[in-house]
Amino acid sequence: MKKILYCIVSVIILCTLSTMLFSCAQKGEQAEKIQVYLSFCSGEKLLSKETPLDYSPIDEIEGTEIVINPQKKYQDYYGCGGALTHSSAFLLMQESAEVRGEILQALFGKGGARLSLIRLPIGASDYIPQSSFFTCCDTQNPDIADESLSNFTLEKDGEIIALLKEILTINPDIKILALPWSAPAWMKKSKSLLGGYLEEKYEGVFADYLIKFVEEYAKEGINISYLSLVNEPYVSGIQYPHMYMDGLQASRITRTLGEKLEEKNLSVKILGWDHNVNKASTFLSGLFSDTDAYYLSGIAFHGYEGDYNTACALYSDSHPDKELFLTEITEHSGSTDFGNNFAYALKHVTLAPINNGSSASLFWNLVLTTDGQPTPVDHGSYCFGIIGLDDANPQSFQKSSAYYAMAHLSKFAYSIEGKSPEALRALCENPNLLVCALLRGDGKIVIAITNQGQGEEVVKINLGERAFAYDMPAQSVATFLLPN
């Protein structure tokens, strides 16, 4: 009897162990599969997790070939993001802690888009909740200078600072880009925030002003990664803060600012231009008149006029040591079709530019109401936030097509280590397909493909020693997360 019981128990143990081992093998096999996330530009599917794929022998796969060499790496990729304006901060702080937390998780959390970049105004931009514009160092009388910056204050940034602290608990690897729309009026020839230019005698003080902003934020536990000298230096005739600056003045200030940052041992990088692609050449020729442009880390573009892909191809060749950023573009009321906006963003903002040397893409306001508020400025048409808040239903929020165009990269680009991924190059001769690829810090590869044609495309992704196939639906985007 004891022998029979012993045999029964032994069989049960063996069966249990076999089941456990089979289950572990299944999990291991599943972990080795290629994960797929699919969206239709129509919005029918959005970041839908699809059936995982297996690798196949290269010779057994048919379809449009996409060739990626994982061994040949290009620029560091810093990801996607948006601007935390005073308007965005105001709206978020009006929400309950619960709703605000949901929005911030949707933007920056691992379960959301996991955005990794924030653009921050130094002083007022055109998106503020109040009617009067300001800088961080205003004087009551703009004819009276404050060269010691004794009036410097972050009083108007209280909501922004509080939000940044919340965001950094969600994603501590966030990089922050900061820039002014104007110098304080007393530094300018016009003595006004609305237009005019910086007086040459205040160029050093202006550099001190930017550094003061960095230092005061650091006291709050918030590190600024990049500084630009001014937003849209060639803009004019607008009713919100702006300041003309030519490339020669920018060159002088960049050197002065770089030297002062170095003296203070502040590891902040400097970006040049920060305006539309089509107006860049004259400014940049002046900026690079300081031939080595030693203190300039990169060139920032806006995407409202001109093609960012073209600019990346041009400047990555002529200035291969400089990073290329798209720091501002927005969806707006002049184009309300979700699908068209989605497809445009994939082509011009997020995916294709990577193959031309782009390191980052940022949209404008992180959060606005669905009718583009609050702003004291009549822009003619209004901007959409990456997240839209509905006044009629304050407990709900809408994710824009820009959100999904960024999330198809940013959600998957970062490994646990937090190390910036490196761009690979994806070669594809099919004009309907746009492809980019990234090598993560943990060795995994992320590939994003959009089919902007009207018919299905069967693709064959060739990684040299490995390959896989996928049927790309028309007007869709798919992200593939490959195992090590």
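A: Let's start with the terms: two strands pair if DSSP finds at least two bridges between them, and the elements are DSSP runs numbered from the N terminus, helices being H or I of at least four residues and strands E of at least two. This is a predicted model, where local features need pLDDT of at least 70 and side-chain atom pairs count only at pLDDT 80 or more, while totals for chains, interfaces and linings use all residues. Residues are numbered from 1 along each chain as its sequence is written, and side-chain values use heavy atoms, leaving out hydrogens and water.

Now the barrel. Eight strands with parallel pairing close it, in the order β4-β5-β6-β8-β10-β11-β12-β13. On average, neighbouring strands of this sheet are turned by 25° against each other, direction ignored. Zoom in on β12 (residues 323-328) and β13 (residues 358-365): they pair in the parallel sense over three bridges. Phenylalanine 325 has alanine 360 in β13 as its bridge partner.

Helix α9 (residues 338-350) lies across β12, β13 and β4 (79-83), and runs at about 130° to β13. Contact here means heavy atoms within 4.5 Å. Axes are lines fitted to C-alpha atoms, for helices over the stretch in contact, with angles from 0 to 180 degrees between N-to-C directions.

On to helix pairs. The axes of α6 (residues 247-263) and α7 (residues 280-287) come within 7 Å and cross at roughly 40°, so the two are oblique to each other. (Under 35 degrees counts as roughly parallel, over 145 as roughly antiparallel, 65 to 115 as roughly perpendicular, and the rest as oblique.) From α6, Gly247, Leu248, Ala250, Ser251 and Thr254 make the contact, and from α7, Phe283, Gly286 and Leu287. By class that's four nonpolar, four polar and no charged residues; Ala, Val, Leu, Ile, Met, Phe, Trp, Tyr, Cys and Pro count as nonpolar, Asp, Glu, Lys and Arg as charged, and the others, Gly among them, as polar.

Then there's α3 (residues 97-108) with α4 (residues 158-170), packed at an angle of about 55° with axes 10 Å apart, which makes α3 oblique to α4. Arg100, Leu104, Gln105 and Phe108 of α3 meet Leu163, Glu166, Ile167 and Ile170 of α4. This contact has five nonpolar, one polar and two charged residues.

Stepping back, the protein has 10 helices and 23 strands, and its C-alpha atoms fill a box of roughly 105 × 50 × 45 Å along the principal axes.
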